[in-house]
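Please open the model in a viewer and keep the selection tool at hand. The stops below proceed from the whole chain to single side chains.

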Amino acid sequence: MKIHLMSKEENEALDAFETVQDEYIQKFGEDSLDTVILMNPLHIDVKEIQEATKKLQSAIKSGKPLPQIDLKVFERLEF
């Protein structure tokens, strides 16, 4: 088993993402990100976290929620 300790940069990026994610959910609803894929769950790095944060910020600013994947399709995805 490999353990990865987060760097300061990763921690800061994740904190910023979580703050914006909370804002997004507050604006668009509790279930608004349930079937949205913002990052590759198998390979998350600082750049990907920052890009996901920008996507959420853009959606908040535009007032348009990100498109969700159909639930039947989403449930069949394997990571």
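The tour begins with the overall fold and then visits selected residues.

This is a predicted model, in which local features need pLDDT of at least 70 and side-chain atom pairs count only at pLDDT 80 or more, while totals for chains, interfaces and linings use all residues. Residues are numbered from 1 along each chain as its sequence is written, and side-chain values use heavy atoms, with hydrogens and water left out.

**Whole chain**

Display the chain as a cartoon. Its secondary structure amounts to three helices and zero strands, where helices (H or I, at least four residues) and strands (E, at least two) are DSSP runs numbered from the N terminus. The order along the sequence is α-α-α. The C-alpha atoms occupy a box of roughly 35 × 30 × 20 Å along the principal axes. Of the 79 residues, 24% are buried; buried denotes under 20% relative accessible area, exposed over 50%, and partly exposed in between (1.4 Å probe, protein chains only).

**The nonpolar core**

Select Phe17, Leu33, Leu38, Met39 and Leu56, the residues with the most contacts inside the largest nonpolar core, which has 14 residues. Such a core is a set of buried Ala, Val, Leu, Ile, Met, Phe, Trp, Tyr and Cys residues joined through side-chain atoms within 4.5 Å. Helix 1 (8-28) and helix 2 each contribute at least two residues to this core. In soluble globular proteins, nonpolar side chains tend to be buried together.

Next, centre on Leu38. Apart from neighbours within four places in sequence, Leu38 is in contact (heavy atoms within 4.5 Å) with Phe17, Leu33, Ala52, Lys55, Leu56 and Leu66.

Move to Gln68, in the loop between helix 2 (46-62) and helix 3 (71-76). What does the side chain of Gln68 reach at 2.9 Å? It is the backbone oxygen of Ser32. A polar contact of 2.7 Å also links the side chains of Gln68 and Thr35; the term denotes a pair of N or O atoms within 3.5 Å, where within protein one must be able to donate a hydrogen and the other to accept it, and residues adjacent in sequence count only if both atoms are side-chain atoms. The C-alpha atoms of Gln68 and Thr35 are 5.1 Å apart, although 33 residues separate them along the chain. Gln68 is partly exposed because its relative accessible area is 39%.

Now select Thr35, in the loop between helix 1 and helix 2. Is Thr35 buried or exposed? Thr35 counts as buried because its relative accessibility is 5%. A polar atom of its side chain lies 2.9 Å from the backbone oxygen of Ile69. Not counting residues up to four places away in sequence, Thr35 touches Gln68, Ile69, Leu71 and Phe74.

**The salt bridge**

Finally, select Lys8 and Glu12, whose side chains form a salt bridge (3.9 Å, N to O). The rule requires a side-chain nitrogen of Lys or Arg within 4 Å of a carboxyl oxygen of Asp or Glu, and the count comes to one. Both residues lie in helix 1, four residues apart, about one turn of the helix. Lys8 is exposed because its relative accessible area is 66%, whereas Glu12, at 45%, is partly exposed. Side chains of opposite charge can pair when their charged atoms come close.
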